[in-house]
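Hello,

Here is the structure we talked about. Please take a look at it first; my notes follow below.

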Amino acid sequence: MILTVACAGAFALGVYAVLVRREIIGILAGAELMLGAAAVQLLVAGSGEFAAGASSFGLILLVVAAAEAVVGLALIVTAYRRAKRSRIEEFGEVSG
Amino acid sequence: MSAHDLAVASAAALVLAGAAGTALARSATRLVLSLGAFLLGVALCFLALGSPLLAAAQVFVYIGGVLVLVLFALMVVGRGDGESPRVESRHDPGAALVALGLFVVLAIVTPKRPSGIAPPEMVSPLAVADVLLGSGIVAFELAGVLLLAALLAVLVIVKSGGER
């Protein structure tokens, strides 16, 4: 019970961070909050009969979150090196 | 209240405190420290829910890897004048309302594990391997492809960034 409420709170705080942060790194941290909360909730829902399956799926979720974080950080560092900008509203255009 | 319930409550408190710090901190250093506390709380939750493999992976991959990468990115993006970079926010009642509504909905609809029951049995890495290499083989292979794609994407992004 307490874990579910904590996960819901962490997920909501992640959504809030994504909505209000101006720096890209803050938005990425918000996404990490959402993924972490989802992983814990997955284990809460799967505890008992489906514990091994939930742990396996949690491990795959961990891989997805790590890949997202690494690509996001590479984008942040590259964008800053190119344009010396790190705020989300300063990126009005996207070029290939 | 049993020792297991106490451990679960401590892990939940760490998760919530870390998440609040990550969402609301104004200094980048505090943001990273709060994110570290959140990730540690998540690892403790995994342990309390009977998954030591996931807890170990969380500590090694996130606290030992991703958090260091975030620190590295902050050092690159920082102003270099010795002060901790600011992480600005545009606090908005609408965003707070959306987050609050989401919290209420999630707290109501998501499945719960009642407190006071016996702690779950530990899931052995062998059982996880059985699932991953059995019925979950497609997801396991896709995760490997995703990691390879992420590695290639980072190489392309960094290379294209250095050409200007």
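Predicted model: local features only at pLDDT ≥ 70, side-chain atom pairs only at ≥ 80, totals over all residues.

Where does Thr110(B) sit? It is found in the loop of chain B between helix H4 (93-109) and helix H5 (125-132). Is Thr110(B) buried or exposed? Its relative accessible area is 17%, and the cut-off for buried is under 20%, so Thr110(B) counts as buried. Its side chain also reaches back within chain B: the backbone oxygen of Leu106(B) is at 2.4 Å.

Now the wider interface. Chain B puts 73 residues into the contact, and chain A puts in 63 residues. Between them the two chains bury about 6,100 Å², with 79% of it on carbon and sulfur atoms. On the side of chain B, the most area is lost to chain A by Val77(B), Glu88(B) and Arg90(B). Together these make up 9% of what that side buries.

How many salt bridges are there between chain B and chain A? The count is zero. Polar contacts do turn up: six residue pairs across the interface, both residues at pLDDT 80 or more.

Several elements of chain B give two or more residues to the side that touches chain A. They are helix H1 (3-24), helix H2 (28-48), helix H3 (52-77), H4, H5 and helix H6 (137-162). By residue type, that side of chain B divides into 55 nonpolar, eleven polar and seven charged.

Best wishes

Notes. Residues numbered from 1 in each chain as written. Chains lettered and ligands numbered in written order. Heavy atoms only, no water. Helix = DSSP H or I, 4+ residues; strand = E, 2+ residues; numbered from the N terminus. Buried < 20%, exposed > 50% of the residue type's maximum accessible area, 1.4 Å probe, protein only. Polar contact = N/O pair within 3.5 Å; in protein donor to acceptor, adjacent residues only side chain to side chain. Contact = heavy atoms within 4.5 Å. Buried area = accessible area lost by both parts, 1.4 Å probe. Salt bridge = Lys/Arg side-chain N within 4 Å of Asp/Glu carboxyl O. Nonpolar A, V, L, I, M, F, W, Y, C, P; charged D, E, K, R; others polar.
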